[in-house]
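Here is a friendly walk through this structure, written as numbered points for someone meeting it for the first time. Please keep the view open beside you as you read.

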Amino acid sequence: MEARLELSMTMRFPFYSTALAAGLFLALSWAARGAVSLGIDELEKSNFAVLQGKRVGLVTNPSGVDSRGRSAIDVLAHGSGFHLVKLFGPEHGINGQTKAGDPVSNSRDRRTGLPVYSLFITPEGNYRHPTRQMFAGLDAVVYDVQDLGNRSYTFISTLGYVMDEAAKDNIQVIILDRPDPLGGVRIEGPRLDPSFKPSFVGLYDIPYVYGLTPGELALWINAKFLAKPCRLTIISMRGWIRPMVWEDTGLKWVPTSPNVPTIGAARAYTATGFLGEIGVESGCGGPTPFQVVMGPDWDAGAVAGRFNALRVPGVRARTWRAGRDEGMFLQIDPRNSGNLTAINFQTIEILEEEVDRFSTFGHTSFDQRDMFDKVCGTSRIRRQLASGRSAADIVQSWNSGVARWAVERQPYLLYGLTPAHPGKTPGVIADNAALVP
């Protein structure tokens, strides 16, 4: 039943059918009771049972916190029966403050004195994929990082590389599960072209918005991506269901990177993230990253008006001005039912028609075009845009891949559309098992 429901919601807009609306009502009621318990909360409640007697490494950043806001580093450092011996940070560093793409040095954590290894570019070289030496002496690697639910956000690539390296020496990988801030129902966007070389911003053949928690995605990676599966354990959440968006969880948003300081920016990343790759200003570095689209001497009223004429469900544009730059600010309802990924391409179409001398790729460098393709996961979309294909046609071309994914992901779903009975939701999903409550 759930597979048929998701398929129908994927192929049309709005997404929210009557059945899903009922699930959302239950989600809101559930969240109002403060019932969402994160994987790290469940780990601590178990007295760290899965870690007992082990030497542990931790992959995290400031977004890795428990429901009370305590960092995963502090929680594990004060646990008993095991030894936390190494820390690892994804892109932006373990402190989450390094700008996108900038190198991150290895260091030592001031509070614990533990060594910190960068799982990104360092002054010494590219260490996106951890080395055997980094994991030497570990029995388990714990992963606790908040994701955005987008294929191009690099934390999920780090997740896959950690699992790949751990598998070589039979090191256990333990995922402390977290919500998908876009919810667990929404699926959108292009999939990775099988003939296109994978990259750090496009590693997996999944839609741009894939609708899985980190734990669910890890189960899929283990089964479908890795040549040798790792020994995988998921510490699942309690109280989270698929229709929940971030605001339903009762959790505080912690910045995942410098340009995602708020849940509003996290959601808008889906709607405008492609635009920055072709040089369109989307507010990064300012107070409203990814929530604005603007340029010098644009007609803000015309741009915002054209967007609002599209009537994207749950998304409205208002005029925005900052110095010489004009454009639109996107007001995105947390429970919107519009296609957020499509907004990138609808906006390009509007700018081509409303802004003098705007050309999608006319002022881009080779590196910009290459990154645009990597984020899309294919060069086909760039060719479609260059040939004048409409945004509607481009979005339509995704549908078959999205529909297949709605079915393909089913075996890896750990959470349903409605609250599970508290006694039926396992806290630990061990040894690669995928259970649907």
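1. Let us start at a loop. Arg311 lies in the loop between helix 10 (300-309) and strand 11 (315-322); helices (H or I, at least four residues) and strands (E, at least two) are DSSP runs, numbered from the N terminus. Although Arg311 is not a glycine, it has a positive phi of about 55°. Arg311 counts as exposed, at 70% relative accessibility; here buried means under 20% relative accessible area, exposed over 50% and partly exposed in between, with a 1.4 Å probe and protein chains only.

2. A word on the source. This is a predicted model, in which local features need pLDDT of at least 70 and side-chain atom pairs count only at pLDDT 80 or more, while totals for chains, interfaces and linings use all residues. Residues are numbered from 1 along each chain as its sequence is written, and side-chain values use heavy atoms, with hydrogens and water left out.

3. Now the overall picture. The protein chain has 15 helices and 13 strands, and buried residues make up 59% of its 437 residues. Taking contacts between residues at least 6 apart in sequence, 74% join residues at least 24 apart; contact means heavy atoms within 4.5 Å.

4. Asn47 also deserves a look. Asn47 is not a glycine, yet it has a positive phi of about 60°. You will find Asn47 in the loop between helix 3 (39-45) and strand 1 (55-60). With a relative accessible area of 59%, Asn47 is exposed.

5. Back at helix 10, turn to Gly305, which sits in that helix. Gly305 is partly exposed, with a relative accessible area of 36%. The C-alpha atoms of Gly305 and Thr319 are separated by 8.6 Å, and the two residues are 14 residues apart along the chain.

6. Which residues make the contact of helix 10 with helix 11? The axes of helix 10 and helix 11 (residues 340-354) come within 10 Å and cross at roughly 135°; axes are lines fitted to C-alpha atoms, for helices over the stretch in contact, and angles run from 0 to 180 degrees between N-to-C directions. That makes helix 10 oblique to helix 11, since angles under 35 degrees count as roughly parallel, over 145 as roughly antiparallel, 65 to 115 as roughly perpendicular and the rest as oblique. Ala302, Val303, Arg306 and Phe307 of helix 10 make the contact with Ile343, Gln346, Ile350, Leu351, Glu353 and Glu354 of helix 11. These residues divide into six nonpolar, one polar and three charged; Ala, Val, Leu, Ile, Met, Phe, Trp, Tyr, Cys and Pro count as nonpolar, Asp, Glu, Lys and Arg as charged, and the others, Gly among them, as polar.

7. Helix 11 has another partner to look at. Helix 9 (residues 263-272) and helix 11 pack at an angle of about 50°, with their axes 5 Å apart. Helix 9 is therefore oblique to helix 11. Here Arg267, Thr270, Ala271 and Thr272 of helix 9 meet Leu340, Thr341, Ile343 and Asn344 of helix 11. The residues of this contact divide into three nonpolar, four polar and one charged.

8. Next comes another helix pair. Helix 6 (residues 155-168) and helix 7 (residues 214-225) have axes that come within 10 Å and cross at roughly 50°, so these two helices are oblique to each other. From helix 6, Ile156, Leu159, Gly160 and Met163 meet Pro214, Leu217, Ala218, Ile221 and Asn222 in helix 7. The residues of the contact divide into seven nonpolar, two polar and no charged.

9. Which residues touch the most other members of the largest nonpolar core? They are Leu51, Leu76 and Phe345, in a core of 124 residues; a nonpolar core is a set of buried Ala, Val, Leu, Ile, Met, Phe, Trp, Tyr and Cys residues joined through side-chain atoms within 4.5 Å. Helix 6 gives the most to this core, with eight residues. Phe345 touches Phe274, Phe372, Cys376, Ile381, Leu385, Ala391 and Trp398, leaving out residues up to four places away in sequence. In soluble globular proteins, nonpolar side chains tend to be buried together.

10. Finally, is Leu414 buried or exposed? At 4% relative accessibility, Leu414 counts as buried, and its place is in the loop between helix 15 (399-408) and strand 13 (428-429). Leu414 and Thr213 are 201 residues apart along the chain, with their C-alpha atoms separated by 8.7 Å.
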